[in-house]
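User: Could you walk me through this one with me? I would like to go topic by topic.
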Amino acid sequence: MASSLLPAFAVRRGEPVLVAPAEQTPRETKTLSDIDDGEGMRFYSSGIHLYRANPDKQGVDPAAVIREALARALVPYYPLAGRLREEAGRKLVVDCEAQGVMFVEADVDLTAADFGDVQSPPFPCFEQFILESTTVAGVEPVIDRPLLYIQVTRLKCGGFIFGQRFCHCVADAPGGMQFEKAVCELACGAAAPSITPSWGREMFMARQPPQPSYPHLEYSEPAGGPVDRMLTTPPGDVARVLFFFGPREIAGLRQRAPPHMSRSSRFELVAACIWLGRTAALGYGADEEVRLSFIVNARGRRDVPLPEGFYGNAFAYSVAATTAGELCAGGLGYALELVKKAKSAVTYDYLLSVADLMVLRGRPLFALSRTYIVSDVSHAGFKSVDFGWGEAVYGGPAKGGEGPIPGVTNYFSRSKNRKGEESTVVPISLPKDAMDKFQLEVEGLTAEI
């Protein structure tokens with residue numbers, strides 16, 4: 001169903017087909033890492049790229065170009081054409097038999113201009129532009145399913161929309177981008193991808209015997225207290241508002257930070273601000289534990305010797321935790337202190353400790369109660385994905401967050417505010433009665449002194 005931003009439309013999908021590697025590939029079974037196969041990875045992450053028409057591509061079918069490049073990219077990335085299988089202890093492996101990824105062509109009577117200046121998730125009517133698989137009891141399985149679903153929707157202006165859904169067990173955001181850029185390079189005429197993929201999952205296998213060496217609050221629900229209202233509020237009673245943190249807001253936050261923290265990163269400032277304002281707005285009891293859980297990427301860290309071309313999951317959730325009373329009394333400085341401490345905690349030893357925990361505790365889901373979960377994708381380079389039609393008008397997550405509960409998980413992405421200034425944009429979902437208070441909290445924290 002079209003949103004109010006778009007004219008009425010209907011997407012005409014063709015019949016989905018399986019695209020296999022263009023050449024013979026090894027038939028083997030590859031083991032996922034003990035970080036890859038946690039319960040929190042067993043879902044499909046959705047992304048969308050919107051492209052305008054390119055006069056140099058007149059008469060060229062983007063779906064055909066992408067489908068051919070996809071088949072060629074699956075030769076070096078052949079595990080992505082396989083299927084997941086679960087072994088003893090819920091251990092996941094990939095059976096590489098060149099089964100293929102799911103691909104569908106579609107058409108719609110819309111133009112790229114109809115989407116306006118869309119720069120942040122969720123993408124308008126994203127459900128129409130991504131190919132979804134069937135669910136079982138409301139849950140989308142990942143076992144014995146294609147690991148990648150792609151839909152290319154041609155627009156009447158000559159542009160198109162590239163929608164993809166990646167099984168998170170086999171690739172994180174940087175890994176998925178690495179594969180997409182390989183498809184782009186081949187679509188643009190390259191003989192081979194510039195980066196040779198590496199499996200390397202042995203990097204994140206549990207030690208023998210497994211010995212978790214950190215508390216890992218991210219996998220234990222907070223003790224005591226009533227049920228978190230974020231987990232029980234009906235979707236119809238949830239308000240959703242986009243918050244832009246541009247130069248003015250960041251300056252206001254820096255002014256309120258303690259002097260020794262005034263050079264905090266944009267992510268640290270925004271995460272601390274939202275966690276603090278959200279906690280106050282939701283009215284948690286002073287003695288109730290509240291948490292901020294966020295993804296810390298291990299790529300580029302000296303103590304994490306990742307092989308070049310690695311495309312698996314290379315991150316951990318780290319947690320800042322305190323009571324609601326202490327957080328609200330301590331203000332932005334205290335929140336920043338906790339965020340920085342949690343951010344610095346993720347080392348290679350921490351990642352191995354996560355792997356150990358996964359094996360010992362049956363690969364649990366991360367905690368959700370009184371927890372705000374953040375993934376910063378502002379530096380992922382989504383818009384640079386170019387199949388030969390130029391830079392994307394929009395490139396990024398299809399949704400504002402993942403999971404069935406609105407507002408528990410959020411993406412931080414990069415966009416421009418109404419003044420055209422580069423900003424961090426966060427789509428916040430809260431119970432309607434809490435949203436007004438949250439807006440006042442954020443305004444108070446970000447107003448320049």
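User: How many salt bridges does the structure hold?
Analyst: Bearing in mind that this is a predicted model, the structure holds 26 salt bridges. One of them pairs Asp109 with Arg12, where the closest N and O atoms are 3.4 Å apart.

User: Where in the chain do Asp109 and Arg12 sit?
Analyst: They belong to distant parts of the chain, 97 residues apart. Asp109 is in the loop between strand E7 (101-108) and strand E8 (148-155), whereas Arg12 is in strand E1 (residues 12-13).

User: What about phi of Arg90?
Analyst: Phi of Arg90 is near 65 degrees, which is a positive value in a residue other than glycine. Arg90 is found in the loop between strand E5 (83-86) and strand E6 (92-96).

User: Changing topic, how is the protein divided into domains?
Analyst: The division gives domain 1, covering 11-204, and domain 2, covering 217-446. Their C-alpha centres lie 26 Å apart, and the contact takes 66 residues from domain 1 and 56 residues from domain 2.

User: And how much area do domain 1 and domain 2 bury between them?
Analyst: The two domains bury about 5200 Å² between them, with 63% of that area on carbon and sulfur atoms. The count of salt bridges between domain 1 and domain 2 is three.

User: Back to charged pairs for a second, which residue forms a salt bridge with Arg299?
Analyst: Arg299 forms a salt bridge with Asp172, and the closest N and O atoms of this pair are 2.5 Å apart.

User: Now the helices: at what angle do H3 and H4 cross?
Analyst: The axes of helix H3 (residues 247-256) and helix H4 (residues 266-282) cross at roughly 80 degrees and come within 10 Å. H3 and H4 are therefore roughly perpendicular to each other.

User: Which residues make the contact between H3 and H4?
Analyst: H3 contributes Ile250, Leu253 and Arg254, while H4 contributes Arg266, Leu269, Val270 and Cys273. By class, the contact of H3 with H4 has five nonpolar and two charged residues, with no polar residues.

User: How does H3 pack with H7?
Analyst: H3 and helix H7 (residues 432-446) pack at an angle of about 75 degrees, and their axes are 7 Å apart. This pair is therefore roughly perpendicular as well, given that angles of 65 to 115 degrees count as such. On the H3 side the contact is made by Arg248, Glu249, Gly252, Leu253 and Arg256, and on the H7 side by Gly444, Leu445 and Thr446.

User: How many nonpolar, polar and charged residues does the contact of H3 with H7 have?
Analyst: The contact of H3 with H7 has two nonpolar, three polar and three charged residues. For the contact of H3 with H4, as said above, the classes were five nonpolar, no polar and two charged.

Definitions and conventions:
Residues numbered from 1 in each chain as written. Predicted model: local features only at pLDDT ≥ 70, side-chain atom pairs only at ≥ 80, totals over all residues. Heavy atoms only, no water. Axes fitted to C-alpha atoms, helices over the stretch in contact; angles between N-to-C directions. Helix = DSSP H or I, 4+ residues; strand = E, 2+ residues; numbered from the N terminus. Parallel < 35°, antiparallel > 145°, perpendicular 65-115°, else oblique. Contact = heavy atoms within 4.5 Å. Nonpolar A, V, L, I, M, F, W, Y, C, P; charged D, E, K, R; others polar. Domains from an automatic or database assignment. Buried area = accessible area lost by both parts, 1.4 Å probe. Salt bridge = Lys/Arg side-chain N within 4 Å of Asp/Glu carboxyl O.
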